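Let's take a friendly walk through a protein model together. Have a look at the sequence and the 3D view below, and then we will go through some details step by step.

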Amino acid sequence: MELACSDMNETQGQDRKLFDKLVVKHHKQAYNVAFRMVGNHTDAEDLTQESFIRAFRFFGHYKQDMPFESWFYRIMLNVFIEKLRRKPKAKIWSLDAPIHGVDGDYHMEIPDKTDGPEETLLLRERENRLQTALKAMPDVFRLAVIYADIEGLSYEEVAEATRTNVGTVRSRIFRGRRMLKQILDGMD
Amino acid sequence: MNCRRAVSRLSAYLDGELTGQEMLLIRRHLTDCEACSKELADIREIKMSLSELRPAVPSDDFLANIFQGLDNVSSNASGMHTFWEMHKLSFANGFTKAGLATCLCSILFLALYVTSGGPGGSRIQYIGNQNMAMVNFVSSKFVGLSSNSDVPYAISNDKPLPVITSETPYSYCRSQCARRSNKTDVPGTAEKNPYIDPHIVVTANALYQ
């Protein structure tokens, strides 16, 4: 019995070492996907951390014939959905919408703390617009577009990560991109 | 190909996710259709904008926080898994030993059947419940037994004899062994009853008068 315990500890130790290597390799990419899913840094870090922890718990079930990213994104998607269910729906405020005050309408001004050149400011503004538009999309379409266009996954990989088929992925990506364009056009 | 079919495939066309034939059909359509060509340009622009997004950067201690979370899982899990695995292995070992001992007992009974000599010889009969083996020695050792597996008894030519089978409660075996003699006086060896206790088998020769 003592021999069995030490064997198991050794196996768990090996699993942990292997998993740590995968974390080091994939954590930034995973964070990026999480950020695009939730739209802010705090939630993105929470989502990523929780996803890695859950992935570690189920590491014994991971079959290496599937790419780790696909398997991990599947887990992250489940964690994301669970968090959405637990969290009350937040109202989305437009940064450009006027705020009705007693003396008239005001517009929100967000101080820019960076002193970068104009190009950086424009780039940042464009990214913020895109992220806002992404966040305004329904989850299934947003995820399909994030996996395909930001992460560069193939349709088959997206299907594996979202537990659907290629046909559904194709439809979601098509409709997601269209939706994104309509939202961006509406913001102009 | 009409515009409706073409438009629904433009994303996949851009991503190279269509079959060769479909790609050709779309390309032909695009050469003649300005509206679909415009739609393709719009999709291309969106795709490029998304792919050019700079990666979001986590905080400096992000990786350390992940490892801290994994450490917590590891320290909680090792105790639990060890506890469960220990008991799982223990059960498995117990069943394995019991299974082996039962096989040994069966082989032993078969061996007795084959090798038992003496006047009248012996035979094994299976009556009633198939799980119950009846050892019937015409000799004075062991004779028959009832179909009542709860209280084994024997009818001999002369007098009742204790009968040990795989169904016999271990406490009875033990009491009979203790009453009769120590091991040196009893031919054969006394081993634990495999059905009751995986470590003891009482052989047919162990109890006799």
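Cys3(B) is exposed, because 12 other C-beta atoms lie within 10 Å; a residue counts as exposed at 12 or fewer such atoms, as buried at 20 or more and as partly exposed in between, with C-beta atoms placed from the backbone. This is a predicted model, in which local features need pLDDT of at least 70, side-chain atom pairs count only at pLDDT 80 or more, and totals for chains, interfaces and linings use all residues. Residues are numbered from 1 along each chain as its sequence is written, while chains are lettered from A and ligands numbered from 1 in the order in which they are written.

**Around Cys3(B)**

- You can find Cys3(B) in helix H1 of chain B; helices (H or I, at least four residues) and strands (E, at least two) are DSSP runs, numbered from the N terminus.
- Leaving aside neighbours within four places in sequence, Cys3(B) is in contact with Cys33(B), Ala35(B) and Cys36(B), where contact means that the C-beta atoms, placed from the backbone, lie within 7 Å.
- His29(B) is 26 residues from Cys3(B) in sequence, and their C-alpha atoms are 8.0 Å apart in space.

**Chain B as a whole**

- Chain B has five helices and two strands, and they follow the pattern α-α-α-α-β-β-α along the sequence.
- Of the 209 residues in chain B, 21% are buried.
- Among the contacts in chain B with a separation of 6 or more, 38% join residues 24 or more positions apart.

**Where the chains meet**

- Chain A brings 32 residues to the contact and chain B brings 33 residues.
- On the side of chain A that touches chain B, H1(A) gives the most, with twelve residues.
- That side of chain A divides into 18 nonpolar, five polar and nine charged residues; here Ala, Val, Leu, Ile, Met, Phe, Trp, Tyr, Cys and Pro count as nonpolar, Asp, Glu, Lys and Arg as charged, and the others, Gly among them, as polar.

**Helix H7 of chain A**

- H7(A) packs against H1(B) at an angle of about 100°, with the axes 9 Å apart; axes are lines fitted to C-alpha atoms, for helices over the stretch in contact, and angles run from 0 to 180 degrees between N-to-C directions.
- That makes H7(A) roughly perpendicular to H1(B), a label for angles of 65 to 115 degrees.
- At this meeting place, Arg170(A), Ile173(A), Phe174(A) and Arg177(A) of H7(A) meet Ser8(B), Ser11(B) and Ala12(B) of H1(B).
- The buried residues of H7(A) include Val169(A), Gly176(A) and Leu180(A).
- With 22 residues, H7(A) reaches 31 Å from its first C-alpha to its last, close to the 32 Å expected at 1.5 Å a residue; the expected span is 1.5 Å times one less than the number of residues.

**The nonpolar core**

- The largest nonpolar core has 50 residues; such a core is a set of buried Ala, Val, Leu, Ile, Met, Phe, Trp, Tyr and Cys residues joined through C-beta atoms within 7 Å.
- H5(A) supplies the largest share of this core, eight residues.
- Tyr147(A) is one of the residues with the most contacts inside the core.
- Not counting residues up to four places away in sequence, Tyr147(A) touches Tyr73(A), Leu153(A), Val158(A) and Ala161(A).

Conventions. Contact = placed C-beta atoms within 7 Å. Parallel < 35°, antiparallel > 145°, perpendicular 65-115°, else oblique.
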